[in-house]
Amino acid sequence: MKFSGEFTLYTVTSYQKKIDQIDFLKVGKVDFDLEDVVYFDTSASIFINSLIHKLAQKNITSNIVTTNKDILDTLELVSKSKKTSQAIPEETTPNLLNIIGENTYLYYSGFIAFISFIGKLFATKINTLRNIKNIRFKEIAFEINESAIKALGIISLTSFLIGLVVAYQSAYQLKIYGANIFIVDMLGISMLRELAPLMTAIVIAGRSGSAFTAQIGAMKITEELDAMRTMGFDPYIFLVLPRIIALMIAMPILIFVADIMSVFGGLLVAVIDLDISPQLFIDRFNDVVAAKHFFIGIGKGPFFAFIIASIGVYRGLEVKDDTQSIGFNTTKSVVESIFAVIICDAIFSILFTNLGI
């Protein structure tokens, strides 16, 4: 078998096609003539050694014909390397303990990284608030417009529909017992205290939280964050704090709008389906819905906003140097924000119930 010219990675495929057409069962010995080969790389050496090994398994002897010392040295080097190297056995069945250990360490590392991020965030916030000149009012105002003012439409529509659906589903049951008027009690307390803040937080997590992750992630990929640090600008002061402060200011406003729209949706159902006049609905609302329910719902806003913005920014900083990482971390940002908001709301519910509020 004669080889000539350059025998490299780029010519191995053509030789392989020719060799595949040969029936080695009809021969007892094969000579590999490399005398006319002018360039011989390690890929060709691996190819020849593998071919010799396959022929040996078929009891076919083989011989290398060449006087080129470089070729012989390359073949010997690859052959020795193959003998000394040990193949790593593939694990055919998953080990439950390994899976548990890897996942535990992964979650532990993520938790430690997030705690470190929160610690640096609070340290930066305290240092910034020591002097009012350090506060980036222009950036905060811009982020309020982006995360709150532009979100009023979707928040209003979502809250209106939630109030409409909840009232409509409740109206069917209330009519059975002739308790139409109690729709005001149920709608007012549930919306102001729980549903409006929670739905607002979920919508903002999907809208603004994901935007924070995508924006900061894109800046990290394009090395804008490194450029800011090189020029002496702290990304926490110029990018992180304005977003968190803006969302903490905007969230109570959005919850207030959600309260109005959800109650208005319930009012429409009460008027159309339960024959309750608007004046009667408003009078009953003033009598039975205490102001504390409104303030409890509004008070949850800054806490929800801090959770959403912190997770969104943290996930943005965790983006790696590829675009696929942006999508992965944006998805994780939304899921983790919604989960954390629900956990926070559950803690508030337990706390307020035990306090009798």
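On a 1 Å grid over the protein atoms alone, a cavity is a set of points where a 1.4 Å probe fits but cannot get out, while a pocket is an open set with protein on both sides within 12 Å along at least five of seven lines; lining residues have an atom within 4 Å of a point. Grid points are joined across faces, edges and corners, and a volume is the space filled by probe spheres set on the points.

Welcome to this predicted model, where local features need pLDDT of at least 70, side-chain atom pairs count only at pLDDT 80 or more, and totals for chains, interfaces and linings use all residues. Residues are numbered from 1 along each chain as its sequence is written, and side-chain values use heavy atoms, with hydrogens and water left out.

**Spaces in the model**

The structure holds one cavity of 30 Å³ or more.

| Space | Volume | Top contributor to the lining |
|---|---|---|
| Largest cavity | about 60 Å³ | helix 9, four residues |
| Largest pocket | about 710 Å³ | helix 4, ten residues |
| Second largest pocket | about 250 Å³ | helix 4, four residues |

Helices (H or I, at least four residues) are DSSP runs, numbered from the N terminus, as are strands (E, at least two). Among the residues that line the cavity are Lys125, Arg136, Ile237 and Pro242. Its lining has seven nonpolar, two polar and two charged residues, where Ala, Val, Leu, Ile, Met, Phe, Trp, Tyr, Cys and Pro count as nonpolar, Asp, Glu, Lys and Arg as charged, and the others, Gly among them, as polar.

**Around Arg315**

Of the 24 residues lining the largest pocket, Gly110, Tyr314, Arg315, Lys332 and Glu336 lie nearest its centre. Arg315 is found in helix 11 (residues 291–317). With a relative accessible area of 12%, Arg315 is buried (under 20%; exposed is over 50%, partly exposed in between, with a 1.4 Å probe and protein chains only). Leaving aside residues up to four places away in sequence, Arg315 touches Thr213, Asn329, Lys332, Ser333 and Glu336 (contact means heavy atoms within 4.5 Å).

**Helix 6**

The 26 residues of helix 6 (residues 152–177) should span 38 Å at 1.5 Å a residue, and its end C-alpha atoms are 37 Å apart, which agrees; the expected span is 1.5 Å times one less than the number of residues. Helix 6 bends by about 30 degrees at Ala171, the angle between axes fitted to the seven residues ending there and the seven starting there. Its buried residues include Phe160, Gly163 and Ala171, and their cover includes helix 7 (183–221) and helix 9.
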